[in-house]
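Keep the sequence and the coordinates open side by side while reading.

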Amino acid sequence: MELGDITIRRAVSSDAATIATLHTASWRDAYAALLDPTYLAGPIEDERRALWSDRLEHPDPRRTTLLAETADATALGFGCVYRDLDPAWGSLIDNLHVDPQRRGQRIGSHLMEAVARCVETNAELSGIHLWVFEANEAALRFYIRLGGEVVERSASQVPTSRGRTILRVFWPDIAVLAACPGQVERRGA
Ligand SMILES: CC(C)(COP(=O)(O)OP(=O)(O)OC[C@H]1O[C@@H](n2cnc3c(N)ncnc32)[C@H](O)[C@@H]1OP(=O)(O)O)[C@@H](O)C(=O)NCCC(=O)NCCS
């Protein structure tokens with residue numbers, strides 16, 4: 001998928017370090033007030049590197065990771081989706097992160113469209129969902145604007161989150177999310 005000078009493609013095993021670096025930078029920025037500062041300052045780096053090496057070296061047929069990058073292969077963001085993961089809620093968007101320096105430029109919207117399109121054709125279940133920290137108000141606004149509905153509350157399992165509240169955001173029809181959310185009309189904050 002190409003969007004001007006931005007390309008979105010499937011990640012491969014050699015992208016593991018790049019995605020781990022993006023993931024670490026995004027958590028340090030977006031979750032600074034949510035996760036333990038000691039964890040964010042250190043252990044997160046090795047942990048994210050191990051996670052992405054494992055995921056990309058051991059493909060799961062249900063899982064796809066997409067990487068957004070510039071024409072000169074500078075990484076901008078990534079999304080990871082599991083097809084048909086939950087009988088009630090359908091496919092799961094497990095991660096969505098944009099480089100903290102590049103947020104608010106529609107990269108996240110296009111990644112959401114791309115992950116939805118990616119599962120749309122092969123999924124047996126029509127729904128798609130994700131979990132977001134309740135306190136992550138900007139991301140929650142972003143998902144609501146893309147048509148998601150908050151359907152459930154739970155406690156986070158993310159290390160050092162101290163069980164903070166997370167919300168399940170659900171789209172009953174993947175096709176709606178796959179239909180160019182980057183063009184969704186702004187309704188104001
Ligand atoms: C949420 C996120 C993926 C959205 O991607 P994006 O490329 O910034 O979003 P877009 O440009 O397509 O859309 C802009 C909207 O994103 C939301 N947004 C969330 N965090 C933002 C940020 N730090 N800067 C700008 N917009 C942000 C806002 O709702 C914004 O709308 P607004 O302009 O009315 O405030 C991205 O901002 C991000 O990586 N945030 C930090 C990590 C995160 O929270 N991931 C989701 C975990 S569930």
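Trp131 is a residue of strand β6. The model is a predicted one, and the values that follow are computed from it. Trp131 has a relative accessible area of 32%, which lies between the 20% limit for buried and the 50% limit for exposed, so the side chain counts as partly exposed. Leaving out residues up to four places away in sequence, Trp131 touches Leu92, Glu152, Arg153, Ser154, Ile166, Leu167 and Arg168.

In α5 (137-145), the buried residues are Ala139, Leu140, Phe142, Tyr143 and Arg145. The elements that cover them include β6, together with β5, α4, β7 (149-155) and β8 (165-171). Just after α5, the chain passes through Gly147, which has a positive phi of about 95 degrees.

Helix α3 has 15 residues, and its first and last C-alpha atoms are 21 Å apart, close to the 21 Å expected at 1.5 Å a residue. Its buried residues are Ile44, Arg48, Trp52, Arg55 and Leu56. Viewed down the helix axis, the buried residues of α3 fall within an arc of 85 degrees, so they line one face of the helix. The buried residues of α3 pack against α1, α2 (37-41), β3, β4 (75-86) and β5.

Among the packing partners of α3 is β3, and Thr65 lies in that strand. Is Thr65 buried or exposed? Its relative accessible area is 6%, and the limit for buried is under 20%, so Thr65 is buried. Apart from neighbours within four places in sequence, Thr65 is in contact with Arg9, Arg10, Ala11, Ile19, Trp52, Leu56, Gly79 and Cys80. Trp52 and Leu56 in this set are also buried residues of α3.

Thr65 also belongs to the lining of the second largest pocket, along with Arg10, Ala11, Val12, Ser13, Arg55, Leu56, Pro59, Asp60, Arg63 and Thr64. The volume of this pocket is about 160 Å³. Both α3 and β3 (63-70) supply at least two of its lining residues, and β3 gives the largest share, with three. By class, the lining has four nonpolar, three polar and four charged residues.

The largest pocket holds about 1200 Å³ of space. It is lined by 41 residues, and those nearest its centre are Tyr31, Leu96, Asn136, Ala139 and Tyr143. Two or more lining residues come from each of α1 (16-30), α3 (43-57), β5 (90-98), α4 (107-120), β6 (128-133) and α5 (137-145). Strand β5 contributes the largest share, seven residues. The lining divides into 21 nonpolar, 11 polar and nine charged residues. Ala139 and Tyr143, near the centre of this pocket, are also among the buried residues of α5.

Key:
Residues are numbered from 1 along each chain as its sequence is written. This is a predicted model: local features need pLDDT of at least 70, side-chain atom pairs count only at pLDDT 80 or more; totals for chains, interfaces and linings use all residues. Side-chain values use heavy atoms; hydrogens and water are left out. On a 1 Å grid over the protein atoms alone, a cavity is a set of points where a 1.4 Å probe fits but cannot get out, and a pocket is an open set with protein on both sides within 12 Å along at least five of seven lines; lining residues have an atom within 4 Å of a point. Grid points are joined across faces, edges and corners, and a volume is the space filled by probe spheres set on the points. Helices (H or I, at least four residues) and strands (E, at least two) are DSSP runs, numbered from the N terminus. Ala, Val, Leu, Ile, Met, Phe, Trp, Tyr, Cys and Pro count as nonpolar, Asp, Glu, Lys and Arg as charged, and the others, Gly among them, as polar. The expected span of a helix is 1.5 Å times one less than its number of residues. Buried means under 20% relative accessible area, exposed over 50%, partly exposed in between (1.4 Å probe, protein chains only). The arc is that of the directions from the helix axis to the C-beta atoms. Contact means heavy atoms within 4.5 Å.
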